[in-house]
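Here's a quick briefing for anyone opening this model for the first time. Have a look at the structure, then read on.

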Amino acid sequence: MAWDEWEQIKAEVAARQDNSMRLNSTSGAVGTVDLKANAQGKRGAIKVLMEVVRPGLDKVGVHADETTDAAEQEFKGWATGAGLKDAHDEWALQVKSLKARLARDQADLSRTKRDFQHIDHEVESSLARINPLSSDARRNV
């Protein structure tokens, strides 16, 4: 590849790049959004976790406990009964771990939603304090 071709390719790539930045809460020029937080999606996910997934897990866990307890009693004194008890104990640990994970996910979604709003307002306030035409010539370079 000749040097001229390389320079032409670099110029074409540079011409296609968009180096603009736009905050969602500002009324700047129309452009592409680099980062977008879907507040409605987070709100919906939090609601589903709170009202459907976590209560559903409780129902399934109770049902599994009842049926496994009954099976353990039927096979009490047998190796199968001991195996069922071990499996049931492990199941209980897994359900407890999953419940804790879902609670953390729900809290993290809530915190992320709040943090995006806070950071967006903080950046907007910081940018608003910048004087673009400072009397100090060194800052206008």
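Lysine 85 and aspartate 89 sit four residues apart in helix H3, so about one helical turn separates them; helices here are DSSP runs of H or I with at least four residues, numbered from the N terminus. The two form a salt bridge, with their closest N and O atoms 3.3 Å apart. That term means a side-chain nitrogen of Lys or Arg within 4 Å of a carboxyl oxygen of Asp or Glu.

This is a predicted model, where local features need pLDDT of at least 70, side-chain atom pairs count only at pLDDT 80 or more, and totals for chains, interfaces and linings use all residues. Residues are numbered from 1 along each chain as its sequence is written, and side-chain values use heavy atoms, leaving out hydrogens and water.

**Salt bridges**
- A search of the whole structure turns up four salt bridges.
- Lysine 99 pairs up with aspartate 58 in one of them, at 2.8 Å between the closest N and O atoms.
- Lysine 99 is in helix H3 and aspartate 58 in helix H2, so this pair ties together parts 41 residues apart in sequence.
- Aspartate 108 and arginine 111 also meet in a salt bridge (2.3 Å, N to O).

**Leucine 57**
- Leucine 57 belongs to helix H2.
- Its relative accessible area is 14%, so leucine 57 is buried (buried is under 20%, exposed over 50%, partly exposed in between, with a 1.4 Å probe and protein chains only).
- Beyond neighbours within four places in sequence, leucine 57 is in contact (heavy atoms within 4.5 Å) with Val95, Leu98, Lys99 and Leu102.

Key: Helices (H or I, at least four residues) and strands (E, at least two) are DSSP runs, numbered from the N terminus.
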